Amino acid sequence: MALLINAQNLSKSFGAESLFDNINFTVEEAARVGLIGPNGSGKSTLLRILAGLIEPDSGEVAIRKRVRFCYVAQESQFGSEDRVRDVLSRVVESLTAPEVVETIGRAGFDNLDAEVSSFSGGWKKRLAIVEALIQHPDVLLLDEPTNHLDLAGIQWLEKTLAAAALACVVISHDRYFLENVATEMVELNRAYREGLLRVEGTYSTFLEKKADYLHAQAKRQDALENRVRTEMEWLRRGPKARTTKSKARIDKANELIGELADLESRARTATAGIDFSATDRKTKRLIELEKVSVDLGGRTLFSGLDFVVTPGTRIGLVGPNGSGKSTLMRVLMDQMKPTQGTVRRADLLRMVYFDQNRQLDSGVTLKRALAPDGDSVLYQDRVLHVASWAARFLFQSDQLNQPVGRLSGGERARVLIAKLMLEPADVLLLDEPTNDLDIPTLEILEESLLEFRGALVLVTHDRYLLDRVATVVLGLDGEGGIGRFADYSQWDEWQAGQKKPKATPAPAPAAATQSAPTPSKKKLSYLEAREYETIEQRIAEAEQALEGARAKLQDSAVVTDGRALQDAYQALQTAQDAVDALYHRWSELEQKLSG
């Protein structure tokens, strides 16, 4: 595949802090590169260097001629009076071009005059991605695109990236998203000799290769330790004759000692210490909901909910943006009364809430944010100095006097988690806790939630976290319904079933011939109605063929054969055209039905 970006020997520091040194990073045509790494490793900085927004301290970024870039930042910024039409018109000449209409329609924007300021974070993120896509970039750079997206939005993005004829570099902590999207994985981490580890394949393939790499590195470290021990004993004896040969051995011993020190420093990794505190309450029924319904803004969010929250129950709340997940949280916390039904809570119930909006006073210092009342905190009946408490969450002592406003999103999330851990809880309510957290911290968070003895209510778009932690899933459909499911996968299958086109109804009996015809018979011809019934299946088959063509293009035997590579590329283009044509036709039929 042709090289689009070739970045060599990149280094970048902020003040005395070095993010990365002399790393190499390339992007080829059609590549889907997943970029991961610990908070503070420089992922966002690297992406901004590739986008040309900032300069590296050293190194070069070579871009192939006429390659078009689009960069979507973590936080989507729009004008206070912007409408959808205004945002998109600034980047394309016409919003009526078929491919533009199709992209906008697939993303769910049916009202171009909607005011962006009224959108949720998830819909602003969708708009920012659509704004980039309609510019037809050759390379799309995405920084945490799944933050704020609901599960439906994430699935839309996965399908969009899979079908798009572009290369993509995406920073994400969403492990299922990476598994479904990435064709290559890169971890930016000082633990690796080259500053990063790059593996072709999915996220799960990357985990296997990473384990092999670290195992080999550990064996190399063991061998080095033995060699260094032998050389140190020889040096202590002090060779009498300082011959050229002995001097060479001294130089080699020093080289080995240096290599071992480098290996040891890279092998040292720190992880946040997360451990939520449960109370010793013996009550079995913490919260009881009986026939609970909530109406808001003239519509029913959910109705008829019967549920009992008990210790050890871990509830995942899922549903599209605006379906009522946060509202149900507020009902549980007694911040909002249900429209109908009864909510009973145990006496003196202690609930701790993690807000997705990360509300922290930006002017307060890290020290004061972690220990508001002095130089120490009380955690699980132990007094800990604030410096020790900060270190547990990967903060250095020289950061204690730094304003919270200068912390990254992941660091602010760790501050909030630290504050929550000081409050013993019967019920822990977490609203999107995974935003901005790196994967190692997420894994520690998961372990802590699995060990928490109280009840947990969790709103998250992280499907991996849901599958691993939740013992039950409450799914809200956005139309007033709420159901109970064993896990996220069961909810997802149910959702897919709800979206399938309904079968054509049987002919009505003679007595009912005066009833009005169905919209599909009125607006679609007989042949069009038959076409509409099968188009989703044909799209699925076409997308499967596209995946097969894309896989063939990655075959090493094809890549090294010029003629075979050209044929495979042509087959990929043909498969992509077929998918695009089917989606366009589907859009036409949908417009006829709704028109």
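Predicted model: local features only at pLDDT ≥ 70, side-chain atom pairs only at ≥ 80, totals over all residues.
1. **A charge over a ring.** The charged end of arginine 414 sits over the ring of phenylalanine 395. Its distance from the ring centre is 5.1 Å. A second case involves arginine 126, whose charged end sits over the ring of tryptophan 123. Here the distance to the ring centre is 4.3 Å.

2. **Aromatic pairs.** How many aromatic pairs does a search of the whole structure find? The search gives 10. One of them joins phenylalanine 109 and tryptophan 123. Their ring centres are 5.3 Å apart, and their planes stand at 80°. Planes over 60 degrees apart count as edge-to-face, so this pair is edge-to-face.

3. Phenylalanine 109 lies in the loop between α3 (98–107) and α4 (121–133). Tryptophan 123 lies in helix α4 itself. The pair therefore ties together parts that are 14 residues apart in sequence. The two partners also differ in cover. Phenylalanine 109 counts as buried, at 8% relative accessibility. Tryptophan 123 is partly exposed, at 25%. Phe109 and Trp123 belong to one aromatic cluster together with Phe119.

4. **The largest core.** The largest nonpolar core has 46 residues. Which residues have the most contacts inside it? They are Leu370, Trp389, Phe393 and Leu430. Helix α12 (residues 409–421) gives the most to this core, with seven residues. In soluble globular proteins, nonpolar side chains tend to be buried together.

5. **Lysine 419 and leucine 370.** Helix α12 also holds lysine 419. This lysine is partly exposed, with a relative accessible area of 30%. Lysine 419 and leucine 370 are 49 residues apart in sequence. In space, they are 6.5 Å apart, C-alpha to C-alpha. Leu370 is one of the residues with the most contacts inside the largest core.

6. Phe119 has already come up as part of the aromatic cluster with Phe109 and Trp123. Ile104 is one of the buried residues of α3.

7. **Cysteines.** How many disulfides does the structure hold? It holds zero. A disulfide is a covalent bond between the sulfur atoms of two cysteines. Cysteine 168 counts as buried, at 0% relative accessibility. Cysteine 70 is buried as well, at 7%.

8. **Cavities.** A search of the whole structure finds two cavities of 30 Å³ or more. The largest cavity holds about 60 Å³ of space. Its lining includes Leu289, Phe307, Ile315, Leu332, Val457 and Leu474. β11 (299–309), β12 (314–318) and α9 (325–332) each supply at least two residues of this lining. β11 gives the most, with three residues.

9. **Helix α1.** Is helix α1 largely enclosed or largely open? Six of its eight residues (43–50) are buried, so α1 is largely enclosed by the rest of the structure. The buried residues are Lys43, Thr45, Leu46, Leu47, Ile49 and Leu50. Note that the list includes a lysine, Lys43. Glycine 52 follows α1 and has a positive phi, near 80°.

10. **Helix α3.** In α3, the buried residues are Val100, Glu102, Ile104 and Ala107.

11. Most residues other than glycine have a negative phi. Asparagine 9 has a positive value, near 55°. Asparagine 9 is in strand β1 (residues 3–14). At 41% relative accessibility, asparagine 9 counts as partly exposed.

12. **Another such residue.** Arginine 66 also has a positive phi, near 65°. Where is arginine 66 placed? Arginine 66 is in the loop between β4 (58–63) and β5 (69–72). Its relative accessibility is 76%, so arginine 66 counts as exposed.

Definitions and conventions
Residues numbered from 1 in each chain as written. Heavy atoms only, no water. Phe/Tyr/Trp six-rings, centres within 6.5 Å; stacked < 30°, edge-to-face > 60°. Helix = DSSP H or I, 4+ residues; strand = E, 2+ residues; numbered from the N terminus. Buried < 20%, exposed > 50% of the residue type's maximum accessible area, 1.4 Å probe, protein only. Lys NZ or Arg CZ within 6 Å of the ring centre and 35° of its normal. Disulfide = S-S within 2.5 Å. Core = buried A, V, L, I, M, F, W, Y, C linked by side-chain atoms within 4.5 Å. 1 Å grid on protein atoms, 1.4 Å probe; cavity = no way out; pocket = protein on both sides within 12 Å on 5 of 7 lines; lining within 4 Å. Points joined across faces, edges and corners; volume = space filled by probe spheres on them.
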